[in-house]
Structures are given as C-alpha cells and as structure tokens.
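Hi there,

Here is the structure I promised to pass on. My notes on its helices follow below.

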Amino acid sequence: MSAATPATGQDRPNPLALVGWVVFVALLVYAVFVGGGYTGTLMGEFRFASLGLIAAGLVAWAVLAVLRPAWRPRSAIWPVLVLPLIALIIASIASDNPRLGAEYVLWATLLVALYVLLARIMSFEFARQRIGGVAAILAFIVSGAYLLQSLSLWLEYWELLGSFTAPMLRPAYSGLPFGAPPAVASVTVLLTVVAFIGLGFEGRARRVVLLALLVLAAAAVFVTGGRTAWLAGAFAIVSVSAVFVLRHRSVMGSAASWTREALQHRRWQLVAIGLLLLVVLGAIIFAPAIATRLDVSSDGGRTVYLATAMRMFEDSPLTGQGPGTWAAQRMAFTEPGERDIFVSHTHNTYSQTLAELGLLGIGAGLVAVAVLLWLILDGLRDVTAERRRYAYGALFVLLYMSVYALLDSYVNFPLAFVLVALPFALLDGTTRRAIGDRLLGSSALRAVGAVALFVVAFVAVLLLFRVEQIASDN
C-alpha cells in the first residue's frame, strides 16, 4: 500500500462526482449522529446497518479501483495501519481469551480499509474543497444542539428550584447521541479542526464563519465540563501555536500589525470588548461549577483502574492479556479493598494498551506515532499553503489525542477514529512521498497489497455479520 502520485487539480464537478459526494456526506452524517456514536455501537440493529453500509462501500470502491487507477488502495503511512493490526493479531493468538480479541481484529481490519478509502477520497481536489464546509456545518449543529439542550435543562432546573442559581456544567450528564459530555467535547473539537484546515482563511466570509464557529465550539466544550478536553485542547493550542511562531515569525509580525490596525476601528473594538466581557461574565457565573470540575477528588476509581492494568501487564508483559480483556478480567486483578465496579476501559489508553497488548502494542504505537510525525513534517515543509494547513491540523489532533489518552479512552467510540483520521487522510492523500517507497513501490506489490486489502476486508465483514447474527439470535 505504498503511495503514488495523487490525483490532484484534475477533478471536475461532473454529475457522477456530485452524486458520489452526496453519498459520502450522507455516510459521514450517519457516522456522526448514528452509527459511530453510543447509539450505533449499543444497538444491534445499527451495527447491522453499519456493516451493510461498509460492505456496500467496499463493493463500490472495488469497482472504482478496477476502472480507475486513482482509486486503487494506497497509503504513504502504511506502517501506521499494518503494525498495530499485527500487534492485535499476535496478542489475540497469545491470549487465554482469543475469542474476545477476534472481534477487535475484525473491526480494526475494517477501520484500516476505511482509512485507506478516506485517503483516496481526500486525494481528489473536488473532495478537499468541500470537506471543510461539511465539517463546519456539522460542528455548528453539534455545538449548537448541545448548548440549546443545556439551556433547556438549566431552565427546567431553575423552574423546579423556583429561583436562579449558578448553572452546572454537563447538565444531566447529557451527551446527545454520543453517550457522554466528554464525547461531545471531542467531537466538537475534531470537527472544528477539520473545518479550519478545510476552509482555510482566505476571504472575509470564511474568517467570519470560522470565528463564529470557534466561539460556539469553545462555549460547547466549556459547558461539557470535560476536564480532559480542556487540558488536551489547551496543550494542543499552545504547542501548535509555538510551532507556528517558530516557523513563521514574519507572518506573526504581520498578524500583530493587522491586529493593531483592526483594533483602531470602533467595530473591532466593540467585538473585542464584547468577547472579553462574555468570558469574564461566564467565569463569574460558572465559578462554582468550574471549581467542582477542577476538584480531582471526583476522579473515582482511575487509580484503581491503572493499578489493575499494571498487574495485567506484569502478568503478561510481552503480548498482554489480549484485546478486549481488561474489562473482562479487571475483577480478577482487583485486590481486596479496592473499588470494584464495572467499567469498559481504564480511562487511560496507554495503560490499557500495556494491559491488553503489552510491550508489543506499545512498540507498534511508538512506530505509528513516528510515522505520523514524518507525515506531518512532510506537510509542514510543503511549498503549498494547503498542505501546510493540513499538517498543522494533523499536529493539533495528534497532540490533542496524545494528552487525551492519558485520562480517557475511545476504544468503544468509532466516530473518534473517523474524525481523528480526517486530517491525516488529507495529508496522506496529497503527499508524493511514502515510507519505504523505493522498496515497496513496485506496481506488482501495490497490486498484491490492494487485492489483499479488499479480500481481508470482505472476509472481516462476513465474519462480523455472522457474529451479529449469533448475538441477535441469543
């Protein structure tokens, strides 16, 4: 699956392309609001529907790949896709509970295939010109819906109470179709990032839209009370800003000059004062809720989850206990007196990787991160502003998720994988370089890799259909 020269700049908005784009957007909307969230993973009917849509997409892609070379599977970052999958397979085989790991391997296989398809779609300029607008609309919907729902819950609470009190964050622990407020926060952040890098900053209208989205998204993320999202977002913003300043000092000087000139106009002065007053007023009103969320004593059993994961790792340090085994074996590794409740993950991706995949999984992850950094650096050095913009977005997402993984996990949240993949697919689909291209770039190897990807993905779909059928019968 080595990279080749992408199809860029030659796409024309013909009717077939428009139909394909409408289908892609419909599937993305389905993934955001149904299939990729809490509802889509919890209910068997939606898992069946998602598998059916994936199967149909694979068939359509296979036909296109036969007819048009530009659609054939390629990825410049194939080690990111292959090595973690190999680690999952080995850990599953070595596990005492291989049945638990089998489904993880099958779903991971489909995620790999879907990522490669996403990178192919984003290699076309037609798609790249439109993905930012779609992401912006979805981000407006998600953040706006969450704020409206929160306002409704606050009004209901004040009506029951009979008086106004300081509003709480994450009211009623509502999470829209995503299941929980932290998931709302991450979906909002990731969609906003794709909107920024997809739309770009050329033109006054786009800048106004992005500014409005930034304010709305920031308000929604704040109201979710997601401390992990706050921490991860702040770290990513500061880090990416530092990289940008170091690489573009002249641009920062121009930006500072533009800011000074803008603030000399009364209109922008009023906007700046309004935003400042909004922040100060929000901080005052939400001060009790913020203090509650910053109280680390409410972390529950995370220290126990971490300790349990470390005991699992010590028991099998090389390959871990196997994918999916932490939740199943947590009780056996919980010592007397420790908090003993059912949870689906450790709230720490790194410790769960050690527990389930051992050093093998950590090693595959480190290699994957190194390859992603290579892709980001390739984008930052590109002569086009478009790819540099994609690279900054990918760097933001990588840093955000790296910090987020310290305090939470999205192993059961497929939508997170889709949204995290988008900035990297934009970079991957437009690069003219690839890892090991000289060794693995022959047309014969690419053909073998493409056929293998389709065969394995189709087998995974069939097996998962069988698993879902057995589950529904029982």
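Is the crossing of α15 and α16 left-handed or right-handed? The crossing of α15 and α16 is left-handed, meaning that the near helix is turned anticlockwise from the far one by less than a right angle.

Before the rest, some ground rules: this is a predicted model, where local features need pLDDT of at least 70, side-chain atom pairs count only at pLDDT 80 or more, and totals for chains, interfaces and linings use all residues. Residues are numbered from 1 along each chain as its sequence is written, and side-chain values use heavy atoms, leaving out hydrogens and water.

Back to that pair: the axes (lines fitted to C-alpha atoms over the stretch in contact, with angles from 0 to 180 degrees between N-to-C directions) of α15 and α16 (residues 385-407) come within 10 Å and cross at roughly 160°. That makes α15 roughly antiparallel to α16 (the term covers angles over 145 degrees). Contacts (heavy atoms within 4.5 Å) join residues including L372, L373 and I376 in α15 to residues including A391, L395 and L398 in α16.

α15 itself (residues 349-380) has 32 residues, yet its end C-alpha atoms are only 28 Å apart, short of the 46 Å that a straight helix would reach at 1.5 Å a residue. There is a bend of about 125° at L357 in α15 (the angle between axes fitted to the seven residues ending there and the seven starting there).

α6 (residues 125-161) and α7 (residues 181-199) also cross, at roughly 150°, with axes that come within 7 Å. α6 and α7 are therefore roughly antiparallel, and their crossing is left-handed.

Best wishes

Methods
Helix = DSSP H or I, 4+ residues; strand = E, 2+ residues; numbered from the N terminus. Expected span 1.5 Å × (residues − 1). Parallel < 35°, antiparallel > 145°, perpendicular 65-115°, else oblique.
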